[in-house]
Amino acid sequence: MTRYHRSLVLLGSAALLLPTLVVGQGAARSSPRFEVSFPASVHDEPITGRVYVALSRDYDGQRTPIAQTGQNGVPVFAINVSQIAPGQPVVIDESATGYPVRQPGDIPAGTYWAEPFVNIYTEFNRADGHTVWMHMDQWEGQNWKRSPGNLHGTPVQITFDPDSPTPIRLVADQVIPPIEIPADDEYVKRFRIQSALLTKWWGHPIYLGATVLLPRGYAEHPDVRYPVVYSHGHFSLRAPGGGATAAWLGDSTPRVILVTLQHPSPFYDDSYAVNSPNQGPYDDAIMQELIPEVERRFRVIGEPWARLLTGGSTGGWISLAQQIFHPEFYGGTWSLCPDAVDFRYHQIVNIYSDTNAYWIDHGWMKVDRPDVRRPDGNIAAMMKDENWYELTVGDRSRSGGQWDIWEAAYGPVGDDGYPRRIWDKETGVIDHETAQYWKEHFDLRELLERNWSTLGPRLYDKLNVYVGDADSYYLNNAVHLLDDFLSRTTSPRWTGEIVYQPRAPHCWGPPLPELLQKMAAHMERSAPAGADTKRWRY
């Protein structure tokens with residue numbers, strides 16, 4: 001239940017719209033510089049995308065310099081490219097964006113390992129009239145570092161002199177191979193489908209999928225239909241819930257079908273399961289295409305009381321949002337450590353009243369806002385760092401990172417066809433007009449409070465949230481605001497539970513066997529007269 005992309009974290013001081021490389025224009029070459037190329041043997045057509053060079057002091061033959069980049073990682077420099085031909089050098093110099101070192105010339109002289117990398121973009125002619133270039137997921141979970149088809153070179157040891165005008169030439173002559181899908185077994189089944197709705201919207205084939213964990217005795221009880229629990233989270237082909245463990249197969253475990261849904265978008269490893277101006281109708285596609293396919297292939301009861309939700313972190317937000325957006329389709333949610341459920345605490349930023357996401361201005365001094373903390377209070381990274389790293393990985397919300405997907409999922413489209421920024425990615429200055437759009441459409445506490453007279457009767461007993469009160473990303477703060485509202489509700493009164501674990505980091509929540517017992521008890525209470533609440537309890 002951990003945050004998949006939070007291990008990526010982000011940059012130095014960069015321009016909001018990063019430059020696209022133009023080759024052959026005789027611009028002055030400053031020292032130092034890298035030149036990256038790729039041969040036709042690995043990619044025989046021109047590439048539009050983003051080219052990187054990463055430097056590390058250490059390389060053990062396993063964790064390459066690119067793999068070592070991140071919020072607290074080694075230096076990486078990047079630049080956009082457009083229609084670069086095989087063999088054509090791409091120059092990485094002072095015009096590139098870098099993190100945590102701004103320019104190559106700021107690297108001290110010494111010996112380093114250098115690795116080139118090419119992230120290939122795809123052209124999407126969207127149904128909204130915008131044409132955008134994005135990285136197309138290859139069923140790896142929108143992770144550019146391991147995406148099939150992307151190019152990289154073997155790390156080479158270099159002697160770096162920041163005063164030398166001699167270019168350091170690197171070749172990306174290797175292709176990342178296709179993802180190997182794990183084999184199904186008696187209990188774990190996988191499938192993938194092409195979404196007609198999303199393919200039409202993106203103008204390019206878009207796929208959805210599911211990984212299904214069947215209960216003990218599924219094959220031996222062909223006449224039994226089961227409750228289904230949809231567990232949301234980051235893209236994963238692993239077995240839901242850890243697979244057919246001893247606990248899953250134990251005598252006391254309720255016999256349910258556990259399903260993780262895969263819906264990577266061109267922006268992130270999951271779409272946040274919402275209809276959004278930047279990503280298209282992912283909610284519709286999940287509800288109208290993916291879930292019906294799950295329930296066609298497997299013996300589920302298929303009634304709201306027996307169709308439940310859970311998930312952690314990103315999945316915690318999705319599971320809560322799906323219950324709110326579809327109050328009568330699902331029978332309840334058990335949300336763990338959800339992303340911000342009230343944007344007065346978007347992690348630690350109030351996007352409605354704060355002026356800057358990165359610093360608190362005290363007049364004579366500015367204080368950095370923290371981004372990641374340890375349970376003992378030590379700070380692991382600052383807000384500006386993760387955002388700046390994202391800006392190095394990809395401009396226009398194309399990093400595949402956490403802050404960028406929130407802009408794509410929650411915000412409107414900008415004039416250039418890419419997400420409108422909630423704040424200036426370089427300076428941290430907040431756009432309050434965009435914040436109001438977020439509030440109107442995706443602030444979950446706001447939506448509940450604004451619409452409780454109609455939502456309350458359909459949700460009063462279906463909302464449950466669990467979070468550590470020392471959440472690594474400060475997500476407990478927004479949960480407290482949600483709790484404040486729900487605890488005041490009347491007509492009807494909310495009867496779910498919100499539980500805080502003292503000093504627990506991200507992503508605390510009850511273990512799956514405990515959640516399943518809570519779910520089973522809830523289903524027995526809420527099932528309509530005559531519903532089958534016994535045969536699946538063998």
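Reader: Is Gly468 buried or exposed in this model?
Author: The model is predicted, and Gly468 sits in strand β26, which covers residues 463-468. Its relative accessible area is 0%. Buried means under 20%, so Gly468 counts as buried.

Reader: Which residues is Gly468 in contact with, leaving aside its neighbours within four places in sequence?
Author: Gly468 belongs to strand β26. With the neighbours within four places in sequence left aside, the contacts of Gly468 are Asn476, Gln501, Ala504, Pro505 and Trp508.

Reader: What separates the C-alpha atoms of Gly468 and Tyr418?
Author: Along the chain, Gly468 and Tyr418 are 50 residues apart.

Reader: How many residues of helix α6 are buried?
Author: Helix α6 runs over residues 402-410 and is mostly covered. The buried residues include Trp403, Ile405, Trp406 and Tyr410, and also Asp404 and Glu407. The count for α6 is nine of nine.

Reader: Which elements do the buried residues of α6 pack against?
Author: Helix α6 is mostly covered. Its buried residues pack against two strands, β18 (275-276) and β24 (370-373). They also pack against the helices α4 (314-325), α5 (383-393) and α7 (432-442).

Reader: Which residue of β12 stands opposite Ser37?
Author: Strand β2 covers residues 34-37 and pairs with β12 in the parallel sense over four bridges. The residue opposite Ser37 in β12 is Val171.

Reader: Which residue in the hairpin of β8 and β9 takes a positive phi?
Author: Strands β8 (residues 122-125) and β9 (residues 131-134) pair in the antiparallel sense over four bridges. Thr122 has Met134 as its bridge partner in β9. Five residues lie between the strands of this hairpin, and the one with a positive phi near 95° is Gly129.

Reader: Why does Val367 count as partly exposed?
Author: Val367 lies in strand β23, residues 366-368. Together with Ile360, Trp364 and Met365, Val367 makes a nonpolar surface patch of about 480 Å². Partly exposed lies between the buried limit of 20% and the exposed limit of 50%. Val367 counts as partly exposed because its relative accessibility is 32%.

Conventions: Residues are numbered from 1 along each chain as its sequence is written. This is a predicted model: local features need pLDDT of at least 70, side-chain atom pairs count only at pLDDT 80 or more; totals for chains, interfaces and linings use all residues. Side-chain values use heavy atoms; hydrogens and water are left out. Patches are made of residues with over 30% relative accessible area and no salt bridge: like charges are joined within 9 Å, nonpolar side chains (Val, Leu, Ile, Met, Phe, Trp, Tyr) within 5 Å. Accessible areas come from the Shrake-Rupley method with a 1.4 Å probe; for residues, only the protein chains shown count as cover. A salt bridge is a side-chain nitrogen of Lys or Arg within 4 Å of a carboxyl oxygen of Asp or Glu. Buried means under 20% relative accessible area, exposed over 50%, partly exposed in between (1.4 Å probe, protein chains only). Contact means heavy atoms within 4.5 Å. Two strands pair if DSSP finds at least two bridges between them.
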